[in-house]
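Please keep the viewer open as you go.

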Amino acid sequence: MKKALDVFLSPTAAFLFIAVISVLAMCLSHLGAGSGVYSSWWFILLLVLLWLQAAGVFARSILVARSAYCGSAHADAEPAGTVSLDGEDAMSLVRSALGGYRITETEDNGQTYIRAERFSFAVWGRSVFWLGILVLMTSGFLGFIFGTYGRMAVNESAANSGLVTANGRTVKLPFSIRLDNTDTKYYKDSYILSSFRSDISVGGDKAAVSAGSPAVYKGYGIYQTDRGFFANPKVVFSIVTGINSNLKKVDAVFGRRFVVPGTGLTGEILDFAPSLGQDGSGRLVNYDTPMMNPAALLALYDPDGKMLGTKWLFMQYPESGDFKAFKVVFADVTGVQYAIFSIVKDPFRQIALAGFVMVFIGCLLTFVFRHTRFCVRYNPTDGAVCYSVPTEGGNIKPGWEAVAAEFIKALGR
Amino acid sequence: MNSSFLFGITDLDYILTFAVYLACLITGVRGLGRAAGWLGIFGLMAQTLAFIVRWMEIRTGYGQIIVLSFPVGSLYESLMFFALCTAAVCVYMERRYGAYSACALLSAAVVASVTFADAAGAVRAIQPTPADIQNIWTQLRAVFSLSSFAMFISGGVFSLTFLLSNDVKRSGRYNFFRSFVFAVFAACVAVLTVNFFYAMSHAGSLGYRPLMKIISSFSGGGIAVSVILFIVFWAVLWFASAGVTKIFVRLGVENSLMVTSSYGLFSIGFVLLTAGMVCGAFMSCSVSGRYWSWTPQEIWTLFAWSCFALVLSLYRSSVNAPLRSAAFSLVSLLAAFVSYLLMSSVA
């Protein structure tokens, strides 16, 4: 039983268990399981088992660290190597070779024992690592229980309060989100998004959501994660028009004419394309649904109501609406885009992030600032300098050869 | 002089470096190894310059701030950065230890990376970073993750060299196991090569072809022939093991150096991968408010992370069995690699 527990509470078994859980999650992902599987009882049970295992490994790592920190290990260990030094300055040579170390010297039976230690704080590396894992898992679990997470799609000029959670349920939020306007911009001649911004009204307050800048309302973080286009006959076009010195903003809709101030002319929007471009033969085509090159087809009428002609107005190219004597500029469009918001309320999120940082610090302490300690015994009668480094079964542990080699090199041997 | 021109020079230099290292491995002439080392240094400098030029090109071309313009955003740039890190390890190991046999294998990994970028039809043109992920965490995550995988590949190469450098009896159990591990490794390289030529024959129009798609396109007979070929290859390796070992031993690299280097590279890689995961959590938080969402990418990274943690744990706990640890490190590397290909087929 003890042996089985020893195996279960070893870091190797814990990492193996994490690998098994991730393989299982990968298989579920392959089989097209929804994200709800990760909140199913049996998956949570596996995570609880992992938590218990990590807690055991953490407790054992503290015991190991305490013995390494306080004990006088290796003082009588088998020497890993011996170097012969002659002359009276042999000890000062040894001391200078251990320059970066904290040295403690003792004398016994005419021999000098030196205990050298570096980065002694790093013995806590493994404990910090496993504590980080525990903090991360615990805060994740608490966030799952007490937090709220889901996605919500909102059309422009509409409001929504239904949040779709990871397992497909719809939860009603204590407030609604209205999408007043959303604006997306793409790099020129590219499908890559250059910027986006959504103006929202949440619980009566106005707020803006953009890349890396969420809105926060009553502890809920509102992030825009996606966007798109939907067909809507009630779309509203924002048109700036008039003679050059006297421009006015008017709202235009399908089927209703607007007046071009100071000209006696009227205009009407006949068609709309979110991404208007040309095909290989030069014909105009709408090539995609995102708002990559929005264009509105304008018809102009004389005072008698006779159509004078049509012209495409491009939002990105205001000069397309320049008629010399007057202008009709397509400034904005409302009611054809939707935004998908990720809404998160997780009071334990900062703690979980702290857990991530702890895991990283634990790694740094374990592998970069390695606790290095070895003992040197100097016998002045034969000039032998014996040094010992941590060994296991007579072999030097991996990585310690470099420490020993560094010491021998510093001795000039 | 633009970055594409410099990257082109780098590609040619790396291919030449690999060829000279290969000649060194076959002939056992150390002078060739040193010459390859200098070629590697030239390639490394040219590629570093190419990265600096590209960095400036992205910054001026799209008006992004300098920290968000580091060129690791596209598939092409990420493969180039991976090659840069691997080449840096190769140059360091050559200058410090003269580990020519391992450097020959490492330079092969560098060449595979740069040629795969072209074969897979990765777009060489400069692409801006999408607005959704324009933050410092995305950049750091990419840099840490790519450099960590360069370290893991380098660690794997040292493990492989260690396995191949051990002179053992042909009939022994170890040789049987060693030739199997090497055969699996070679089979994976062969599959990647098939992938490479397939992509080349389609002029890059198909893009990246994941392993699962290639396997699923095989008929029953094709699979049987592949299995037979694998067994034959394994048997040949088993019989020829003495010759292979002789090639590696001739260059006279200490086995303990291989084990220490492998462990050291895996350690650095693990720290970097952990840093990459932490940055990924912060990035995800700034984009969607969640630090972990069980996405395929996150799951794959967790799997790779646990595999490498397992390797390090085994290295520390079984110091008496470096052969076993080295073999397991290769198996882990393959597992992480295959899982990546599987995940990419889902994506």
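This is a predicted model: local features need pLDDT of at least 70, side-chain atom pairs count only at pLDDT 80 or more; totals for chains, interfaces and linings use all residues.

1. Residues are numbered from 1 along each chain as its sequence is written, and side-chain values use heavy atoms, with hydrogens and water left out.

2. Start where the chains meet: 58 residues of chain A and 50 residues of chain B take part in the contact (heavy atoms within 4.5 Å). About 4500 Å² is buried between chain A and chain B, with carbon and sulfur atoms giving 73%; buried area is the accessible area (1.4 Å probe) that two parts lose on being put together, summed over both. In chain A, the residues losing the most area to chain B are A:Met26, A:Phe356 and A:Phe367, together 15% of what that side buries.

3. How many salt bridges does the rule find across the interface of chain A and chain B? The rule finds one, taking a side-chain nitrogen of Lys or Arg within 4 Å of a carboxyl oxygen of Asp or Glu. A:Arg227 pairs with B:Asp132, their closest N and O atoms being 3.5 Å apart.

4. Within chain B, look at helix α5 (residues 136-165) and helix α9 (residues 241-250), whose axes come within 8 Å and cross at roughly 115 degrees. α5(B) and α9(B) are therefore roughly perpendicular to each other (65 to 115 degrees). From α5(B), B:Thr161, B:Leu164 and B:Ser165 meet B:Val244, B:Thr245, B:Phe248 and B:Val249 of α9(B).

Notes:
Chains are lettered from A and ligands numbered from 1 in the order in which they are written. Axes are lines fitted to C-alpha atoms, for helices over the stretch in contact, and angles run from 0 to 180 degrees between N-to-C directions. Helices (H or I, at least four residues) and strands (E, at least two) are DSSP runs, numbered from the N terminus. Angles under 35 degrees count as roughly parallel, over 145 as roughly antiparallel, 65 to 115 as roughly perpendicular and the rest as oblique.
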